[in-house]
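Visitor: I have a model open and would like to go through it. Can you start with the terms?

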Amino acid sequence: ILGYVLFQDDFLLETNPVSVGHLESADQCESRDQNCGGKSAGLISQEEPDSVKERSCDTLKMCFLSILNQGLRSGGGIGDVLRPPSSHEPLYLVRVMYDMLFYFLVIIIVLNLIFGVIIDTFADLRSEKQNKEEIIKNTCFICGLERKAFDNKNVTFEEHIRTEHNMWHYLYFIILIRVKDP
């Protein structure tokens with residue numbers, strides 16, 4: 001809103017306007033018995049001006065959209081796309097503060113908060129995956145005993161899951177019960 005009120009004339013964006021031609025299809029050319037120049041259908045070309053500077057902050061809505069569009073895509077914030085101010089202008093200091101405020105609040109703080117949330121979410125997902133892998137590797141699937149319960153025993157954890165509680169033997173037993181006639 002501050003940019004709309006104070007710096008409306010500074011929002012001059014360079015645009016490349018598209019010329020409006022008309023399309024003629026092959027049917028229209030044949031029905032009027034005209035020569036279409038060997039083209040069956042196409043855009044009739046007109047000369048286009050190189051680039052034009054347009055005001056992009058005439059309404060508050062357009063000003064807000066321009067600030068979001070241009071300000072977030074520019075590396076240094078909104079100051080990169082606005083008209084460079086002269087140091088002799090009466091609002092020069094306000095303009096510099098506006099550019100810096102946008103840069104610090106939007107570019108540095110808000111975007112880093114968003115990126116931080118994304119990175120933190122991926123870190124949590126990786127941590128959950130590592131915890132699940134550790135549980136699978138260090139816990140017996142059948143009885144739920146952990147690896148450390150077998151430290152001072154005659155049977156090691158590997159022997160326990162390979163011989164006493166082999167999960168494939170339990171799976172084969174369940175299949176046998178389902179297949180066997182009652």
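Guide: Buried means under 20% relative accessible area, exposed means over 50%, and partly exposed is in between, with a 1.4 Å probe and protein chains only. This is a predicted model, in which local features need pLDDT of at least 70 and side-chain atom pairs count only at pLDDT 80 or more, while totals for chains, interfaces and linings use all residues. Residues are numbered from 1 along each chain as its sequence is written, and side-chain values use heavy atoms, with hydrogens and water left out.

Visitor: Is C140 buried or exposed?

Guide: C140 has a relative accessible area of 3%, so it is buried.

Visitor: And C143? Which class does it fall in?

Guide: C143 counts as partly exposed because its relative accessibility is 35%.

Visitor: How many disulfides are there?

Guide: The structure holds 0 disulfides, a disulfide being a pair of cysteine sulfur atoms within 2.5 Å.

Visitor: Overall layout, then. How many helices and strands?

Guide: The protein has 6 helices and 4 strands. Both are DSSP runs numbered from the N terminus: helices are H or I with at least four residues, strands are E with at least two. From the N terminus on, the order is α-β-β-α-β-β-α-α-α-α.

Visitor: What share of the residues is buried?

Guide: 17% of the 182 residues count as buried. The protein exposes about 14,500 Å², and carbon and sulfur atoms supply 60% of that; accessible areas come from the Shrake-Rupley method with a 1.4 Å probe, and for residues only the protein chains shown count as cover.

Visitor: Which residues make up the largest nonpolar core?

Guide: It has 11 residues: F11, L13, C57, C63, I67, I78, V81, L82, Y98, F102 and I107. A nonpolar core here is a set of buried Ala, Val, Leu, Ile, Met, Phe, Trp, Tyr and Cys residues joined through side-chain atoms within 4.5 Å. The largest share, 3 residues, comes from α4.

Visitor: Which residues in α4 are buried?

Guide: R95, Y98, D99, F102 and I107 are buried in α4.

Visitor: Why do you take the span of α4 as agreeing with its length?

Guide: At 1.5 Å a residue, the 47 residues of α4 should span 69 Å, and its end C-alpha atoms are 67 Å apart, which agrees. The expected span is 1.5 Å times one less than the number of residues.

Visitor: What is V81 in contact with?

Guide: Leaving aside neighbours within four places in sequence, V81 is in contact with L12, L13, Q70 and S74. Contact means heavy atoms within 4.5 Å.

Visitor: Last one. Where is N166 found?

Guide: N166 is in the loop between α5 (157–164) and α6. At 16% relative accessibility, N166 counts as buried. At the start of α6, a side-chain oxygen of N166 reaches to within 3.0 Å of the backbone nitrogen of W168. The N166 side chain also reaches the backbone oxygen of R162, at 3.3 Å.

Terms used: Polar contact = N/O pair within 3.5 Å; in protein donor to acceptor, adjacent residues only side chain to side chain.
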